[in-house]
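Dear colleague,

I am handing over the structure we spoke about, and I would be glad if you kept it open while you read the notes below it.

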Amino acid sequence: MTDKARTAKGSSDPNRAPVFGELRSLLGDRMRTDEGIREAHAGDASYHKPRLPDAVVFPACNDEVSKIVKLCARYRTPVVPFGTGTAVEGGIVAVQGGVCIDLSRMNRILRVGMADLDATVEAGVTRKQLNRHLAEAGTGLYFPVDPGADASLGGMTATRASGSAAVGYGTMRENVLGLTVILADGSIVHAGGRARKSSAGYDLAHLFVGCEGTLGVITEVTLKLARVPEAVSAAVCAFPDISSAVNAVIELMSTGIEMTRIELLDEVQMGAINAYSGFDYKVAPTLFFEFHGSESSVAERVAAAGPVTDRHGGEDFRKATGQKERDRLWQARYDAYYASQTMRPGSVGFVTDVCVPVSRLADCILKTKEELKTSTLIAPLFGHVGDGNFHVVFLIDPNRPEELAEARKFGERIVEFALEMGGTCTGEHGIGLGKLAALEQEHGEGVRVMQAIKKALDPLNIMNPGKVVKV
């Protein structure tokens with residue numbers, strides 16, 4: 001058993017026995033209260049202390065989810081949706097116990113629209129599963145939103161996920177056309193649809209995109225797909241300092257050189273990646289690029305990018321055009337979090353992210369780096385700089401509360417910098433448990449509107465309580 005699991009031990013709440021009995025009658029052995037299953041659903045990939053749900057259920061269809069939620073509403077039992085548990089702000093921690101709805105068995109790809117470039121999937125389908133299906137079927141299509149982890153598409157919708165390809169393809173906000181959601185009273189609502197635009201009433205679909213399970217349980221999603229590009233080329237380039245790297249990004253974007261991914265890793269992170277993934281990159285602020293398009297357009301963009309990076313002091317510009325070479329390069333970027341942890345064995349990552357207008361990105365990162373000089377913690381920085389989003393990972397000893405307090409203090413300061421520069425307290429990770437105060441700091445009176453929506457749709461406050469907005 002992991003240390004994380006040990007901290008979550010506890011018995012199922014006996015006061016909830018009536019709802020357990022009815023759930024068992026409905027689901028049979030797909031309703032579980034054994035400790036091992038509950039431990040596996042107690043926390044996500046974050047530093048947040050896990051909490052055991054009282055029970056875990058595994059529905060297989062919309063009707064079962066509806067019945068589960070109706071029972072929970074009758075007994076005023078909290079409901080916590082669960083995808084793959086890969087998020088980092090405690091969004092699936094059962095802070096009030098209750099019933100965890102694991103959607104992994106709702107994993108059918110319901111339809112693929114070749115002509116319309118769309119697909120409808122159940123919430124438990126993962127990103128890689130969908131793309132494997134599209135490739136094996138020879139569709140020439142794929143789903144481009146890539147947060148790194150093989151997250152469920154329902155979870156990605158609930159957290160409004162994005163990732164390294166957001167500069168080229170957008171986030172889940174831009175790529176969700178419609179969804180099915182089970183509300184707090186068990187009603188089944190279909191919001192949005194397959195049309196690429198609509199002026200029909202309130203935009204309900206996007207009300208639920210990013211709600212983190214606090215307004216309902218997302219069970220199906222209709223997604224935009226993209227065509228697999230004819231050609232792909234990647235490149236890596238080191239810079240003398242952060243400012244030079246970010247200014248190169250700003251010039252590349254302002255001159256109209258289209259890129260699908262632009263990632264920045266600072267010198268601390270590059271050192272960790274070299275050690276973890278066996279690379280020999282220069283230990284300096286580094287940009288990772290990727291270009292999609294036709295053979296000629298990709299070649300033109302790569303050729304045009306070189307002189308821009310040169311003007312900003314870029315060196316060691318390396319191209320990767322082969323699939324295996326590109327995969328290895330991007331796997332190193334995806335492994336950044338795990339590479340960071342090897343710098344302090346036994347540590348856990350306190351991860352924070354903010355997003356600012358790209359024109360203020362250099363200012364925000366430089367101010368953050370200056371602030372981090374006073375920290376006692378190792379804190380690598382990396383981000384999706386094409387859209388102004390960056391992350392800091394504080395490596396903390398889980399048994400030293402003073403380190404968690406220090407990481408929180410610096411996290412709050414980074415949020416302050418971002419808000420001062422017209423940014424947001426999170427561009428990717430969501431609010432969950434970790435940024436409740438930051439949401440109020442950012443939106444002020446707007447939080448009252450969010451609370452009103454929450455109370456209207458979930459008057460008993462059973463839907464993932466304690467997350468996103470305080471009620």
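Does arginine 74 count as buried or exposed, and at what relative accessibility? Arginine 74 counts as exposed, at 55% relative accessibility, where exposed means over 50% relative accessible area, buried under 20% and partly exposed in between, computed with a 1.4 Å probe on protein chains only.

Please bear in mind that this is a predicted model, in which local features need pLDDT of at least 70 and side-chain atom pairs count only at pLDDT 80 or more, while totals for chains, interfaces and linings use all residues. Residues are numbered from 1 along each chain as its sequence is written, and side-chain values use heavy atoms, with hydrogens and water left out.

Salt bridges

A search of the whole structure finds 29 salt bridges, a salt bridge being a side-chain nitrogen of Lys or Arg within 4 Å of a carboxyl oxygen of Asp or Glu. Side chains of opposite charge can pair when their charged atoms come close.

Arginine 74 has such a partner in glutamate 22, with the closest N and O atoms 3.2 Å apart. Because glutamate 22 lies in helix H2 (residues 17-27) and arginine 74 in helix H4 (residues 62-74), the pair ties together parts that are 52 residues apart in sequence; helices (H or I, at least four residues) and strands (E, at least two) are DSSP runs, numbered from the N terminus. Glutamate 22 itself counts as partly exposed, at 27% relative accessibility.

A second salt bridge joins arginine 261 and aspartate 146, at 3.2 Å from N to O. This pair links distant parts of the chain, 115 residues apart, with arginine 261 in strand S13 (residues 261-265) and aspartate 146 in the loop between strand S7 (141-142) and helix H6 (153-158). Both arginine 261 and aspartate 146 are buried.

Within helix H16 (residues 401-420), glutamate 416 and arginine 413 lie 3 residues apart, about one turn of the helix, and they form a salt bridge whose closest N and O atoms are 2.7 Å apart. Glutamate 416 counts as partly exposed at 27% relative accessibility, and arginine 413 counts as partly exposed at 30%. Elsewhere, a network of salt bridges links Arg111, Asp116, Asp118 and Arg194.

An open sheet

An open sheet is formed by 5 strands in the order S5-S6-S10-S8-S9, with antiparallel pairing; two strands pair if DSSP finds at least two bridges between them. Strand S5 (109-113) and strand S9 (188-192) stand at the edges with a single partner strand each, so one side of each is left without a neighbour in the sheet. Inside this order, strand S8 (residues 176-182) and strand S10 (residues 217-224) run antiparallel and are joined by 6 bridges, and valine 176 has leucine 223 in S10 as its bridge partner.

The cavity

The structure holds 1 cavity of 30 Å³ or more, where a cavity is a set of points, on a 1 Å grid over the protein atoms alone, at which a 1.4 Å probe fits but cannot get out, and lining residues have an atom within 4 Å of a point. The largest cavity has a volume of about 30 Å³, the volume being the space filled by probe spheres set on the points, which are joined across faces, edges and corners. Its lining consists of Val236, Cys237, Ala238, Tyr281, Lys282, Thr286, Glu315 and Asp316, and S12 gives the most to it, with 3 residues.

With best wishes

Notes
1 Å grid on protein atoms, 1.4 Å probe; cavity = no way out; pocket = protein on both sides within 12 Å on 5 of 7 lines; lining within 4 Å.
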